[in-house]
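Please look at the sequence and the structure below before reading on.

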Amino acid sequence: MIYRLPPLNALRVFESAARHLSFKEAAAELHITQAAVSHQVKSLEEYFGIELFRREGRGVQLTEAARASLPRLREGFDALAAAVETIRVRGEETELVITAPPVFVARWLMPRLAEFSKLAPDIEVRVAASSRMVDAGALDSAALMSNLDLRSEASGVEIHLGAGDYPGFRADRLFSVAMALVASPELVAGDPPLREPADLARHVLLHDDAMDLVAHGDAWRKWLESAGVADRVDGSRGPRFSTNMLSLEAASQNLGVALALRPLVDADIASGRLVEPFGIEMKPGSAYFLVCPEVIADRPAVAAFRAWLLGKAGEPSSGAAATRAAAPSARSARRGTRPAAPRRSPAGSARPGKPRSARRRGGASRSR
């Protein structure tokens, strides 16, 4: 079959200019001059005999014909990139860029990453922390791999906390999360003490934007409802932080009480840096996913990292067993009493089972 196509370079320039709606940004992306972009677009307009862009103020807008053709053109470039990928030898590939939520990087990935470096010493790893990776379903697939150039020799993967809706990308589920309340041991045993959820009315609540995304709304309000004290504790008060990393650091410095994701804070709890005083956990229905374009999913660096990461995600959360064993005695030591009897609900009756939106932690949080 003979394909009647305009010059591919002109199509590539048009796709970049259409994506950015800017000749200047297209020129910067393609490392050519703005005049060269204008020339390529003009040659394409002459080839088709139609106008592709209209100038509006200092910017440009797509015509109807250009807007209609853009999705298929992108599909064509993706297919072309995939075809080239199947015949390209990547035995010399050595760079892997990993983008993940800040708290995942600091609390889960970094303590384990040295092991991957030992297993794959030829792969140069670059890690970037980005709050964009917390999408909780609301932003799934909205801006995936926006900075990834499939023509680059480097491979890029992202770790998202969301609902798993990533059409067109390979997504491997790592493990689900549970939202728990944490505080410093000094705050729990201080004055006023933190013995039951109603005591939160006399403590500072630390808010962060990431937890609200994960909870699909006001995280504190939902946790307080799960604990049965939403009518006695004002969940709207307290300082706000941009990431869970900052609110957890504030909690460790006795600035207040924070919400955290298990199993990411299991090591902090096992070490005694933070404590979970009530064992009430709310499951928001989100999970961590390793996401990458199908085009690069089988590259050696990506495949090696995926195999290692899925293996680590399947292991029991480090520190969870120690947390379970140490928690009763630690609380008793702080209060100077024997371990408490099973906790009862605010109404005074023992809880018969696990609430639908929250659960008592009866075992270690495990990666799934």
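In what sense do β8 and strand β9 pair, and over how many bridges? In this predicted model, strand β8 (residues 205-208) and strand β9 (residues 240-241) pair in the parallel sense, and two bridges hold the pairing. Within β9, F241 is the bridge partner of D208. Strand β8 is also joined by two bridges to strand β10 (residues 257-262), and these two strands run parallel; here L206 stands opposite A258 of β10.

Another set of strands forms an open sheet of five strands with mixed pairing, in the order β4-β3-β5-β12-β6. Because β4 (124-129) and β6 (169-176) stand at the edges with a single partner strand each, one side of each is left without a neighbour in the sheet. From one strand to the next, the twist averages 20°. Inside this sheet, strand β3 (residues 95-100) and strand β5 (residues 155-162) run parallel and are joined by four bridges, with G156 of β5 as the bridge partner of V97.

| Helix | Strands touched | Direction |
|---|---|---|
| α5 | β3, β4, β5, β6 and β12 (287-293) | about 170° with β4 |
| α11 (residues 300-313) | β3, β5, β6 and β12 | about 20° with β6 |

Helix α5 (residues 102-119) also meets helix α9, and the axes of the two come within 7 Å and cross at roughly 60°. That angle makes α5 oblique to α9. The contact is made by P102, V103, A106 and R107 on the side of α5, and by N244, M245 and L248 on the side of α9. Sorted by class, the residues of this contact are five nonpolar, one polar and one charged.

Helix α9 (residues 244-252) also contains S252. Is S252 buried or exposed? Its relative accessibility is 14%, and because buried means under 20%, S252 counts as buried. Leaving aside neighbours within four places in sequence, S252 is in contact with S184, R273 and L274. With one of these residues, R273, there is a polar contact between the two side chains, at 3.2 Å.

Terms used: Residues are numbered from 1 along each chain as its sequence is written. This is a predicted model: local features need pLDDT of at least 70, side-chain atom pairs count only at pLDDT 80 or more; totals for chains, interfaces and linings use all residues. Side-chain values use heavy atoms; hydrogens and water are left out. Buried means under 20% relative accessible area, exposed over 50%, partly exposed in between (1.4 Å probe, protein chains only). A polar contact is a pair of N or O atoms within 3.5 Å; within protein, one must be able to donate a hydrogen and the other to accept it, and residues adjacent in sequence count only if both atoms are side-chain atoms. Contact means heavy atoms within 4.5 Å. Axes are lines fitted to C-alpha atoms, for helices over the stretch in contact, and angles run from 0 to 180 degrees between N-to-C directions. Angles under 35 degrees count as roughly parallel, over 145 as roughly antiparallel, 65 to 115 as roughly perpendicular and the rest as oblique. Ala, Val, Leu, Ile, Met, Phe, Trp, Tyr, Cys and Pro count as nonpolar, Asp, Glu, Lys and Arg as charged, and the others, Gly among them, as polar. Two strands pair if DSSP finds at least two bridges between them.
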